[in-house]
Each structure stands twice: as C-alpha cells, then as structure tokens.
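Biologist: I would like to learn how to read a model of a protein complex. Could we go through it feature by feature?

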Amino acid sequence: MRPSTLATRAEAPDPSRARRAGTDATRSEAPIALTGVTKVYRGGGGVRDLSLEVGWGEVFGFLGPNGAGKTTTIRMLLDLIRPQSGSVRLFGLDARTDAVAAHRRLGYLPGELALYERLSARETFAHFARLRGGPDEATVENWARELDLELDRPVRVLSRGNRQKVGLIGAMMNEPDLLVLDEPTVGLDPLVQRTVHRRLREAATAGRTVFLSSHVLSEVAEVADRVGLIRDGRLIAIERVSEIRARAVHAVEVRVGAGAGLAALEGLGGVTVRERIEDGLRLEVVGSLNPILAALAGLDVLDLSVHEPSLEEVFLSYYDGIAR
Amino acid sequence: MGIATYCVVMLSVFPSIHDNKSFAKIFEAYPEVFRKLFNVTDFTTGPGYLGAEIFSVIAPMLLALFAILWGSDLAAGEEDRGTIDLLLANPVSRRRVVLEKWSALVLGTLWLGAVLEGTLGLLGPLFSLSVGWAGLSAAVLGSSAFAIAFATAALAVGAASGSRGLARGVATALAVASYLLSALAPLVSAFQRVVWLSPWDQALGHQPLTTGLRPANLSVLGVVVVVLLAVSLWSYDRRDLAT
Ligand SMILES: Nc1ncnc2c1ncn2[C@@H]1O[C@H](COP(=O)(O)OP(=O)(O)OP(=O)(O)O)[C@@H](O)[C@H]1O
Ligand SMILES: [Mg+2]
C-alpha cells in the first residue's frame with residue numbers, strides 16, 4: 001500500500017511532480033471538452049445543448065441557481081450518468097469508454113457528499129489510495145494538518161464542515177491533473193475556505209485544471225479565472241472574471257474642502273454624476289478607478305468612499321439584458 | 001454466529017430424542033403429507049436427524065437469506081447510500097467493482113458454510129452423533145451453491161434497478177418458491193414435471209448429507225450463477241446511477 005517510490009512525494013517537490021502533472025504531450029488535449037451535450041430527465045430538468053471547453057492551468061467556475069444543471073453536468077463528466085446526445089471528453093478521452101484512464105487523472109468532490117460512515121477519514125483515504133496507487137500516509141497527514149481535520153474519528157461523528165474536508169482531501173490529495181468540485185466550500189469556515197482557495201490557485205499555477213460549481217459569484221470570483229453561467233439547463237454566458245470586474249459600476253462619494261476642483265471629475269470618461277451634495281459629489285464610475293483617483297490627487301479630499309456593487313448584480317443584470 | 005448457535009442448540013436436544021422410544025412411535029403416526037413436506041425421514045439416527053432439521057430446510061434457508069441480504073447490497077447498496085460517486089471517481093470500472101464485490105460474497109458464503117460444517121462436524125460426537133465428513137461437505141456445498149445462486153439473483157435485480165428493497169424481495173420470494181416447489185413436488189403431481197426447475201431441488205433435493213455430492217447438479221447451478229452475473233454486469237454498466 002505504500003510503495004517506496006511514492007514515499008518521497010511528501011518531502012520533495014521534484015521531477016516526479018512534473019511527470020505526475022502531465023508532460024506536454026499529455027496536455028495537448030483540453031482537460032474538459034463538452035460538445036452539444038443534452039441530458040433531460042423525465043421531469044424535464046437537466047441540461048440542453050451544452051458546449052464548453054476548459055483549458056490547462058485554468059480555474060473554471062460553473063455558476064448557477066438551484067436546479068440549473070450544475071450537478072447534472074458534473075456527474076456526466078464522471079460518467080455516473082450518460083448524456084442522451086453530445087460528446088463528453090476529458091483529456092481527449094471519451095468520458096464513458098475511457099472512464100478508467102480519465103479517472104486516473106482526476107479528483108472529484110460530489111455535490112451531495114456521502115461518505116463511508118463507519119470508516120475514519122484515515123481509513124477512507126487509505127481505501128482510495130489503494131485504488132489509485134497513492135498518496136502515502138505522510139501526504140494525507142499534511143493535508144489533514146493544513147485543513148485541521150481529525151483523521152481517526154469515524155466519519156459518522158464529524159460535523160458538516162469536517163465531512164466536507166474529508167471529501168476535499170480525498171479529491172485533492174493526489175494532486176490530479178483535473179479537479180472537479182461540486183460546491184467545494186459548502187459548510188467550510190472562512191479560514192478553511194481561504195486555504196482551499198489558495199490550494200486551488202496553486203494547482204492552476206502548476207498547470208493543473210480546476211472545475212468548480214457554486215451559487216455565489218463573489219466566491220467563485222475569488223478563485224476562478226473564468227466563469228460560466230448556467231440557468232434552466234442552458235449555458236448562457238462565459239466570461240473572464242477580470243472582465244466582469246472591469247464592467248462593475250462603483251458608487252463613489254467624495255467630499256472636499258474647497259469645491260472648486262470638482263468640475264474636473266465631471267468630465268472624466270466613465271464617470272456620471274448621480275447627486276451633488278453640500279461639499280462634494282456622488283458619482284457612478286464604470287471600469288477602472290484610476291482616472292478619478294488621479295484627478296482627486298490635486299484636491300483637498302476630506303472623505304472618500306467607494307462602494308462596489310455585488311458582482312452578482314453586475315453579472316446578472318448584464319445577462320438579463322442580453323437574454324431579452 | 002447465529003447459525004453456529006442454532007447448530008449447538010439442535011445438537012443438544014438430539015440425545016433426548018434419541019433415547020425416547022415413544023418418540024419413534026409418534027413419528028410413525030405422522031401423516032404422510034407432513035413427513036414429505038418437512039422432509040422428516042428418520043429422526044432417530046444421526047444423519048437422519050441432522051438431515052431433517054438442519055440441512056433440509058433451516059441451514060440452507062438461513063445461509064441463503066444471509067447471502068441475499070449481502071447480494072442485494074452489492075450493486076444497489078452504495079448507490080442507495082450515495083457513496084458510489086466517490087468510489088467510481090477512482091480509476092476502477094463498474095464491472096470491476098461488481099466483480100470484486102461478488103467474489104467477496106462467494107468467498108464469504110463459502111466461509112460461512114465451512115463454519116457450519118466445522119461446528120457440526122466437531123460438535124457432533126459430543127452429542128453422540130456422527131455424520132460423515134463427505135456427506136457434511138456435500139450438504140454444505142449444496143447449501144452454499146443454493147445461497148450463492150439467489151444472492152446473485154439479488155445482485156442482478158439490484159444492478160438493474162438500483163433498489164435494495166426490490167432486490168431483496170424478489171430474490172427471497174424466488175428462493176422460497178424454489179423450496180416450496182421442491183418440497184411439494186411429491187404431493188402435487190403438476191409440480192413433479194417442473195421440479196428440476198427448482199434450484200433448491202438441484203442443490204438439496206437429493207439429500208446430499210446421505211447420498212453425497214452430485215457434481216452435475218452443482219454445475220447446473222453454476223451455469224445459472226454465471227448467467228445472472230453476466231446480466232448484472234451488463235445492466236449495471238449501461239444505466240445512470242442515482243445521486
Ligand atoms: N435523477 C433525476 N431525475 C429527475 N430530475 C432530476 C434528476 N436529477 C436532477 N433533476 C432535475 O434536473 C435539474 C438540474 O438539477 P441539478 O442537480 O443538475 O441542479 P444544480 O444546478 O446542481 O442545483 P443545486 O444548485 O441545487 O445543486 C433540476 O430541475 C432537477 O430537479
Ligand atoms: Mg447541485
């Protein structure tokens with residue numbers, strides 16, 4: 001169960017890392033490629049004509065309200081359910097016929113996480129390590145320390161957040177080429193959440209790929225490079241997080257000692273005056289805040305407040321507009 | 001454990017029956033129908049008593065019920081409990097999962113059969129009862145084959161439906177029906193022509209405890225098991241798994 005070749009993994013971030021993460025040749029094909037995928041349940045729910053490609057080194061956020069089709073899509077990636085039409089490919093392999101080869105390179109956290117209640121976390125990881133050929137116990141212990149998880153209590157008695165950690169470590173412990181995580185941060189406290197996000201960013205920096213689902217854009221935006229929005233089984237938008245941010249409208253309120261210079265602000269591109277107040281202005285600023293900050297530099301600024309509307313509002317209002 | 005305890009209890013009542021002359025008289029008066037139905041051949045000799053009570057009905061049925069519970073859980077259990085998502089995310093095929101679990105079931109059932117055999121064979125002499133090891137082995141093999149056949153039937157129903165309850169229900173009903181067909185065949189002439197269809201009759205109808213092993217009958221059960229296993233693999237591989 002603990003081959004000596006694997007025992008070096010925990011200490012040394014060495015050549016084996018590059019091999020495990022895949023050579024250039026094994027990375028020529030997109031880790032996820034969905035083409036015209038349709039899966040409609042008897043009740044009418046499901047996903048329709050979904051096409052999506054996720055590249056290497058990318059964190060992709062799959063965003064949508066309850067019942068949008070996130071879990072359906074993810075379980076098709078894992079070959080747990082099969083589409084009625086369209087193709088699902090992982091690393092260029094067919095998700096169904098080459099499932100075993102594809103699964104060797106991925107880690108998965110189910111949305112409705114069910115664990116082996118009678119096993120401890122340690123036993124659970126050992127069970128999967130036997131099936132996957134790693135990692136060794138030291139690696140598991142490092143993960144448990146990092147996420148603050150008790151390894152030896154039966155899973156049955158763990159709290160919701162701690163159960164989630166078991167699922168997350170199970171998915172991440174082998175540092176797979178592709179991580180598929182269905183609502184990974186559900187139930188985690190902010191500290192652990194941040195640790196997980198940092199680990200996901202590190203995976204992407206190392207050239208690996210992360211596909212995660214969520215309801216909340218602000219949370220996804222913290223970690224993802226791109227976001228896809230799914231609603232009623234249809235993928236209605238894919239956008240870079242940086243672009244969503246750029247489109248965000250900031251509400252800026254500025255108060256100054258001497259009102260004379262304020263006129264300079266009004267003429268700036270992307271700036272609209274919403275309200276004039278006694279000793280200042282309330283403005284809406286689209287895009288970068290740099291021009292307005294530069295203009296303020298020459299003034300006697302008494303007070304400045306910047307309020308960022310939720311990314312949700314930006315994203316959703318924008319696509320509401322397009323959908324119509 | 002339960003089966004072993006049962007064996008001890010049955011063996012400990014044996015001497016009192018053995019010494020009781022009047023018991024044999026009551027036995028003679030037994031209506032023919034009951035004697036055939038409950039397979040009471042001869043209570044007062046060692047193999048007769050064991051054959052009647054333990055090997056004719058109770059041990060095979062207990063073993064089969066135990067194996068059916070296990071078999072119904074093989075494919076449908078992890079799906080019911082939701083752990084199948086995690087298991088299949090590993091680089092293992094659905095076929096391999098079913099095959100490995102089924103192999104464990106076969107070994108487990110045989111092991112339980114061996115425990116049964118050991119208990120009866122070792123404790124028998126203590127209760128002034130001697131059964132030949134050959135007959136005992138034949139009876140245990142017959143019982144195990146019967147149990148494995150219906151456990152595999154439970155596996156097949158569970159693999160196709162994903163429902164543990166359905167698998168358990170169908171397999172148990174079939175096992176009981178198979179016993180009744182065999183037990184009632186001497187009484188109902190219509191059953192006599194189809195009694196060969198009963199796995200019970202194939203495995204245990206010939207009283208293996210006294211007549212010994214019949215490889216031909218066991219291989220008929222083997223074919224049934226292989227077919228059911230193939231159906232399980234095929235149907236489990238092709239369907240959507242529930243969340
Ligand atoms: N096994 C099933 N049978 C019938 N309908 C289903 C099944 N699974 C999901 N659905 C339906 O398909 C739609 C998509 O469900 P899915 O679980 O993919 O949504 P989701 O985006 O993951 O939602 P959530 O955010 O609540 O997890 C829903 O309308 C759901 O009711
Ligand atoms: Mg979901």
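Biologist: To start with one residue, in which loop of chain A is A:Pro135 found?

Modeller: This is a predicted model, and A:Pro135 is found in the loop between helix 5 and helix 6 (137-147) of chain A.

Biologist: What is the peptide bond from A:Gly134 to A:Pro135, cis or trans?

Modeller: The general idea comes before the case. Most peptide bonds are trans, and most residues other than glycine have a negative phi. The bond from A:Gly134 to A:Pro135 is cis, with omega near 5°.

Biologist: What is the mean pLDDT of each chain?

Modeller: Chain A averages a pLDDT of 86, and 87% of its residues score at least 70. Within chain A, residues 1-22 have a pLDDT below 50, though this stretch still has 28 contacts in the model beyond near neighbours in sequence. For chain B the mean is 78, with 72% of the residues at 70 or more. Residues 9-20 of chain B are below 50, and that stretch has 23 contacts beyond near neighbours in sequence. Where pLDDT is low, the predicted coordinates should not be read in detail.

Biologist: What ipTM and pTM does the predictor give the complex?

Modeller: The complex gets an ipTM of 0.78 and a pTM of 0.79.

Biologist: How is chain A divided into domains?

Modeller: Domain 1 of chain A covers 6-243 and domain 2 covers 249-308. Taken over C-alpha atoms, the centres of these two domains are separated by 43 Å.

Biologist: How many residues does each chain give to the contact between chain A and chain B?

Modeller: Chain A gives 23 residues and chain B gives 23 residues. The area buried between the two chains is about 2000 Å², and carbon and sulfur atoms give 55% of that area.

Biologist: How many salt bridges does the rule find across this interface?

Modeller: Side chains of opposite charge can pair when their charged atoms come close. Here, the rule finds two salt bridges across the interface of chain A and chain B. Over all chains, the structure holds 29. A:Lys39 and B:Asp240 meet in a salt bridge at 2.3 Å, N to O. A:Lys39 lies in strand 1 (residues 32-40) of chain A and B:Asp240 in the segment after helix 12 (215-238) of chain B, so this pair joins two chains. A:Arg75 and B:Asp85 also meet in a salt bridge, with 2.9 Å from N to O.

Biologist: Which elements give two or more residues to the side of chain A that touches chain B?

Modeller: They are helix 4 (99-103), strand 6 (106-109) and helix 5 (121-132) of chain A. Helix 5 gives the largest share, four residues. By class, this side of chain A has 13 nonpolar, two polar and eight charged residues.

Biologist: How many residue pairs are in polar contact between chain A and chain B?

Modeller: The count is 15 residue pairs, with both residues at pLDDT 80 or more.

Key:
Residues are numbered from 1 along each chain as its sequence is written. Chains are lettered from A and ligands numbered from 1 in the order in which they are written. Side-chain values use heavy atoms; hydrogens and water are left out. pLDDT is the predictor's confidence in each residue, from 0 to 100. Contact means heavy atoms within 4.5 Å. Buried area is the accessible area (1.4 Å probe) that two parts lose on being put together, summed over both. A salt bridge is a side-chain nitrogen of Lys or Arg within 4 Å of a carboxyl oxygen of Asp or Glu. A polar contact is a pair of N or O atoms within 3.5 Å; within protein, one must be able to donate a hydrogen and the other to accept it, and residues adjacent in sequence count only if both atoms are side-chain atoms. Ala, Val, Leu, Ile, Met, Phe, Trp, Tyr, Cys and Pro count as nonpolar, Asp, Glu, Lys and Arg as charged, and the others, Gly among them, as polar. Domain bounds come from an automatic or database domain assignment.
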